[in-house]
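Here is a friendly note to read alongside the structure. Please keep the view open and look up each residue as it comes along.

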Amino acid sequence: MTEPQSAPLQAQGPAPSGPRPIEVALLISVFVVAACGLLYELAAGALASYVLGDSVLQFSTIIGTYLFAMGVGSWLSRYFERQLPAHFLRIELLVALIGGLLPATLFLANAYTPGAFRFLLYGMVLMVGTLVGLEIPLVMRILKRNVALKDLVSQVLTFDYLGALAVSMAFPLLLVPHLGLIRTGLLFGVMNAAVAVWAVWLFRHELRRVKAHVAACVMVLGILLAALAGAEHITSFAEDKFYQDRIVFSTASPYQRIVVTQGRAGHRLYLNGNLQFAQADEYRYHEALVHPAMASHGAPKKVAVLGGGDGMAVREILKYPSVESVTLVELDPAMTTIFSENPTLARLNDHALQNPKVKIVNTDAFGWLQEGQDMFDVIVVDFPDPTNFSIGKLYTNSFYALLDRRLAASGYAVVQTTSPLVARQSYWTVAQTIESVGLRAAPYHAHVPSFGEWGFIIASRRPWRLPDALPADLRFLSADTLPLLFDFPLDMARVPAEVNRLSNQALVHTYEREWGKH
């Protein structure tokens, strides 16, 4: 059957040498549509990795679901035969509304109905992907009326890929750091709605009910603009419910969502919703992390801290008069900035990050170990738990081999190593991995009420020995009680474990399985 034709776009006559204005307008629309579609996909992947962990798995499944949905949308486009411009602008408004509200909806769902988060996540990704899959074929069919096929395909795909490139660069570097996920989603929803408004103007002579289309555009734009104006309230509404304690600081960096709360137990730091420290008992964690290695060394001069951008570990290190320099390697500059410049947060680490002995390097610790030459007496490794592959690489034999290269012959490295009680297999996997590169492992543990039983491992070439003394102003550790940390009861005793390698990242899977039971 021959497809019914809409009214001609312009009077017939000799074809102009350059592209018609309406063609340019539609190609710009393709650019915006592609950029918005990819933005919603990236926002969904980022939120899934924040909430569900394992960023590789989450981005992989989100991308796969989105591409599948686009294929479904492309297939469904064959059933749209009449009034193509009207269908295009309706679809554009639906994409604007669903995609633009996607981050805000998922944030609220995670706070108030966490059980529905996964269902909503994939449901919205399927809807947006299907609608975006419908858009491009419809634009191509509208353009086909005035553009040769070979030019049509090349032009549409060029603008489609350029839109994807633009947003893929802007999303981590500009949009999330400066606007946050909720505002970014709403802004791009407004852009989608603006394309619909543009379509109403371009095709005003073809549309049957122009006033109805205008009213729909005004309604969708009104909803998105109102949500954009109240984005801060939406974020606070969701986070206040999720964190319970009053939020005193929050920001989104290219790497993570940083939230600091204050309640009866003092301040708490959360990264992507995961507790990193509680003021009430963080001294237990940081004293246990730092002092067994520092005190045993005797007189450490050069010390490095990998991770630990909150400055708490640096605070403990500076209690040793022999220390001449501390190099803090923290990937996220937002962490070191707020914990050195925010007066309230800087007090928590005794203004350690402003100490002239401290040098801050904002870079990836893996690359820093590879590229540097300096040797250190003590290296404190204070990374988050291996919840995803990007962090899991920092617990591999490749990483520990690099650590060994930067450790002085008589030096010690200490690694925070999750809970040997809750994640027993994961804990001993780290010990096995450290030993696989030729280092000795001295495992120990401490009770931190906010986390429960927590584990650490000292890695060195020489045997670790009990120190003769500890700094005088400690609140948790003493020379008499320190040996107790190295005693493991039966339910935390060593179990067989495999080496964690870059090629398999076995630890990430083990960690997820063990913590998923609790």
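**Notes on the predicted model**

1. Let us begin with S426, which touches T418, L507, T510, Y511 and E514 when residues up to four places away in sequence are not counted; contact here means heavy atoms within 4.5 Å. S426 is found in helix α15 (residues 424–435). Helices (H or I, at least four residues) and strands (E, at least two) are DSSP runs, numbered from the N terminus. The side chains of S426 and E514 are joined by a polar contact of 2.7 Å. Such a contact is a pair of N or O atoms within 3.5 Å; within protein, one must be able to donate a hydrogen and the other to accept it, and residues adjacent in sequence count only if both atoms are side-chain atoms.

2. Before going further, a word on where this comes from: this is a predicted model, in which local features need pLDDT of at least 70 and side-chain atom pairs count only at pLDDT 80 or more, while totals for chains, interfaces and linings use all residues. Residues are numbered from 1 along each chain as its sequence is written, and side-chain values use heavy atoms, with hydrogens and water left out.

3. Is S426 buried or exposed? S426 counts as buried, because its relative accessibility is 0%. Buried means under 20% relative accessible area, exposed over 50%, and partly exposed in between (1.4 Å probe, protein chains only). For a sense of distance, the C-alpha atoms of S426 and Y161 are separated by 42 Å, and these two residues are 265 apart along the chain.

4. T418 sits in the loop between β9 (407–416) and α15. Its phi is near 55°, a positive value in a residue other than glycine. With 3% relative accessibility, T418 counts as buried.

5. You will find D350 in the loop between α11 (343–348) and β7 (358–361). At 53% relative accessibility, D350 counts as exposed.

6. Next, please turn to the loop between β11 (452–460) and α16 (506–515), where N500 lies. N500 has a relative accessible area of 0% and is buried. What does the side chain of N500 reach? The side chain reaches the backbone nitrogen of A506, at 3.0 Å. Leaving aside neighbours within four places in sequence, the contacts of N500 are G392, Y395, T396, N397, T429, T433, Q505, A506 and L507.

7. Q505 belongs to the loop between β11 and α16. Q505 is buried, with a relative accessible area of 7%. Not counting residues up to four places away in sequence, Q505 touches F389, G392, K393, T396 and N500.

8. The closest to its centre, of the 17 residues that line it, are L179, G180, R183, A252 and R257. Two or more lining residues come from each of α5 (149–202), α7 (231–243) and β1 (246–252), and α5 gives the largest share, eight residues. On a 1 Å grid over the protein atoms alone, a pocket is an open set of points where a 1.4 Å probe fits, with protein on both sides within 12 Å along at least five of seven lines; lining residues have an atom within 4 Å of a point.

9. A231 lies in helix α7. A231 is buried, at 1% relative accessibility. Leaving aside neighbours within four places in sequence, A231 is in contact with I182, R183 and L186. A231 and I182 are 49 residues apart in sequence, yet 6.6 Å apart in space, C-alpha to C-alpha.

10. Because 20 of the 27 residues are buried, α4 is largely enclosed by the rest of the structure.

11. Finally, the whole chain. The protein chain has 16 helices and eleven strands, and its C-alpha trace spans about 95 × 45 × 45 Å along the principal axes. Of its 518 residues, 53% are buried.
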